[in-house]
Amino acid sequence: MDASKSLWRGLLRTDTVPEEAEDAAATISATETLSEEEQEELRRELAKVEEEIQTLSQVLAAKEKHLAEIKRKLGINSLQELKQNIAKGWQDVTATSAYKKTSETLSQAGQKASAAFSSVGSVITKKLEDVKNSPTFKSFEEKVENLKSKVGGTKPAGGDFGEVLNSTANASATSGEPVPEQTQEGL
């Protein structure tokens, strides 16, 4: 009984365990303080723990082999496991509060950006309408219409580009001014 008490005292000591790089003499002096009986008890305990570790390793290997056999019979392969792990991982990520907060914040930011773009579009439309209704634009529009009627005659508005070119060429030909030749590549 006395030996087991001293064994527990030895195991529960708060002394630091020497590092590998420390002096070997410090390790030797620690074993000198143990009695022969305590050392023998520790050796038996060491052998027992090593045996348990070996047994657990063998049991683990057998369980892993059994697991692989069950998966093979079920037709579960590595790719399917990977897919399941990724799906589970994604599910775990989406369940976190950080993901939910980030998702909520991005959603709000998207809504605000959408509202901002909508209001910018409305402002631009209003400004273009204001410009179109301004006296300067109307004056410019009248000048373009006058120029168009002088160049194109009294043709109805809305002709295509080819018609405008032909009417310009005809107007220039009747006025006696030379028309510069343009090719399709020059247009």
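Biologist: In what order do the elements of the protein run from the N terminus on?

Modeller: In this predicted model, the elements run α-α-α-α-α-α-α from the N terminus on, and the count for the protein is seven helices and zero strands.

Biologist: What makes H5 and H6 oblique to each other?

Modeller: The axes of helix H5 (residues 97-133) and helix H6 (residues 135-152) come within 5 Å and cross at roughly 60°. Angles under 35 degrees count as roughly parallel, over 145 as roughly antiparallel and 65 to 115 as roughly perpendicular, with the rest oblique; H5 and H6 are therefore oblique to each other.

Biologist: Which residues make that contact, and how do they divide into nonpolar, polar and charged?

Modeller: From H5 the contact draws on Val131, Lys132 and Asn133, and from H6 on Pro135, Phe137 and Lys138; these residues divide into three nonpolar, one polar and two charged.

Biologist: How many of the residues count as buried, and what is the accessible surface?

Modeller: Buried means under 20% relative accessible area, and 5% of the 187 residues of the protein count as buried. The accessible surface comes to about 16600 Å², of which 59% belongs to carbon and sulfur atoms.

Biologist: What is the average pLDDT of the protein, and which elements have the lowest and the highest mean?

Modeller: On a scale from 0 to 100, the protein averages a pLDDT of 77, and 66% of the residues score at least 70. Among the elements, helix H1 (residues 2-11) has the lowest mean pLDDT, 51, whereas helix H3 (residues 36-74) has the highest, 94.

Technical notes. Residues are numbered from 1 along each chain as its sequence is written. This is a predicted model: local features need pLDDT of at least 70, side-chain atom pairs count only at pLDDT 80 or more; totals for chains, interfaces and linings use all residues. Side-chain values use heavy atoms; hydrogens and water are left out. Axes are lines fitted to C-alpha atoms, for helices over the stretch in contact, and angles run from 0 to 180 degrees between N-to-C directions. Helices (H or I, at least four residues) and strands (E, at least two) are DSSP runs, numbered from the N terminus. Contact means heavy atoms within 4.5 Å. Ala, Val, Leu, Ile, Met, Phe, Trp, Tyr, Cys and Pro count as nonpolar, Asp, Glu, Lys and Arg as charged, and the others, Gly among them, as polar. pLDDT is the predictor's confidence in each residue, from 0 to 100. Buried means under 20% relative accessible area, exposed over 50%, partly exposed in between (1.4 Å probe, protein chains only). Accessible areas come from the Shrake-Rupley method with a 1.4 Å probe; for residues, only the protein chains shown count as cover.
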